[in-house]
Amino acid sequence: MKLRSVNVSGLTQVVHQGELVQTGIFKRPVAGPVTVGTVQIAGDRQADLVNHGGEDKAVYGYPWEHYAHWSGELGRDDFEPGQFGENLTTEGILESELSIGDRLRVGTVLLEVSQPRVPCFKLNLRMKHPGFSKIFLKSGRVGFYFRVLEAGEVEAGDVIKIEATGHERITIMEAVHTRFFDNRNVQAIRRLLSNPALAAVWRHDLEALAARAESSL
C-alpha cells in the first residue's frame, strides 16, 4: 500500500445553473513533502466550509484502482490524480476493506477514517457530467475522509501502514449502503452509530434516520 499522489487546489470559479460558484475540487498533484495540519493540507482550499473540511473531513483519500473503472464507464482517458477531488490518491486500499476508525500511518502523519465521501454537484462540474454524483454514490466507489490525529508531512511514494480499529469493523462500503440504500434498517444504523470514530455529521443524520424508522414500527 502506498500514496500515489498528493493533490491540492486553490479556489476556482465555475458556472453552475447560470451562476458563478467557487470550488476547491480541481485538485492537482504536487511534488515533494506536503504539510498536513489538523484541518487541512497546506496549499489546499475549500469554498464551502459548512460541508467540506473541518476536523472530521480534514483529508480526503480516493483509490487509484477506481480510475480504470471510471475511465471505462465514461469512455474517457483524460484523468489525472486529483480527478475526483481527493487530496490523497491511494494505492492498495479499497472501500470494501477499510473500516470506520482504521488508522493509517503515512509519512509522519497519523490519519483516522471518519466517514465515506458524500458527493455534491461540484463533482458533476469537475467530471463534466450532470448526473455523475448519483452514479458515483450508487457505485460505492466514494473514497474516504480522515481526521488527522498526528500532523506532519506526506509525499507521493510514501508507504501506507494500516492499524485496524479496535471497534467492530464497519467498512466504508457498508456505511454507504446503510445510510443511503438501507436507511430503514434500525439494527444496521445502530451498529454504525456504535462506532465512536464515526464523524459527527453522520452521527447526527443517522440518529434522525433511526428515530424516523423506529417511529414507523
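Two exercises on a predicted model follow, each with a worked solution. Local features need pLDDT of at least 70 and side-chain atom pairs count only at pLDDT 80 or more, while totals for chains, interfaces and linings use all residues. Residues are numbered from 1 along each chain as its sequence is written, and side-chain values use heavy atoms, with hydrogens and water left out.

**Exercise 1.** Determine how the rings of Y60 and Y145 are arranged.

*Solution.*
1. Rings of Phe, Tyr and Trp (its six-membered ring) pair if their centres lie within 6.5 Å; planes under 30 degrees apart count as stacked, over 60 as edge-to-face and the rest as tilted.
2. By this rule there are 15 aromatic pairs.
3. For Y60 and Y145, the ring centres are 5.1 Å apart and the planes stand at 40°, so this pair is tilted.
4. Y60 belongs to strand β6 (residues 59-63) and Y145 to strand β10 (residues 144-150), so the pair ties together parts 85 residues apart in sequence. Strands are DSSP runs (E, at least two residues), and helices likewise (H or I, at least four), numbered from the N terminus.

**Exercise 2.** Describe how helices α4 and α6 pack.

*Solution.*
1. Axes are lines fitted to C-alpha atoms, for helices over the stretch in contact, and angles run from 0 to 180 degrees between N-to-C directions.
2. Helix α4 (residues 172-181) packs on helix α6 (residues 200-215) at about 45°, and their axes are 11 Å apart.
3. Angles under 35 degrees count as roughly parallel, over 145 as roughly antiparallel, 65 to 115 as roughly perpendicular and the rest as oblique; α4 and α6 are therefore oblique to each other.
4. Contact (heavy atoms within 4.5 Å) involves A175, V176, R179 and F180 of α4 with W202, D205, L206 and L209 of α6.
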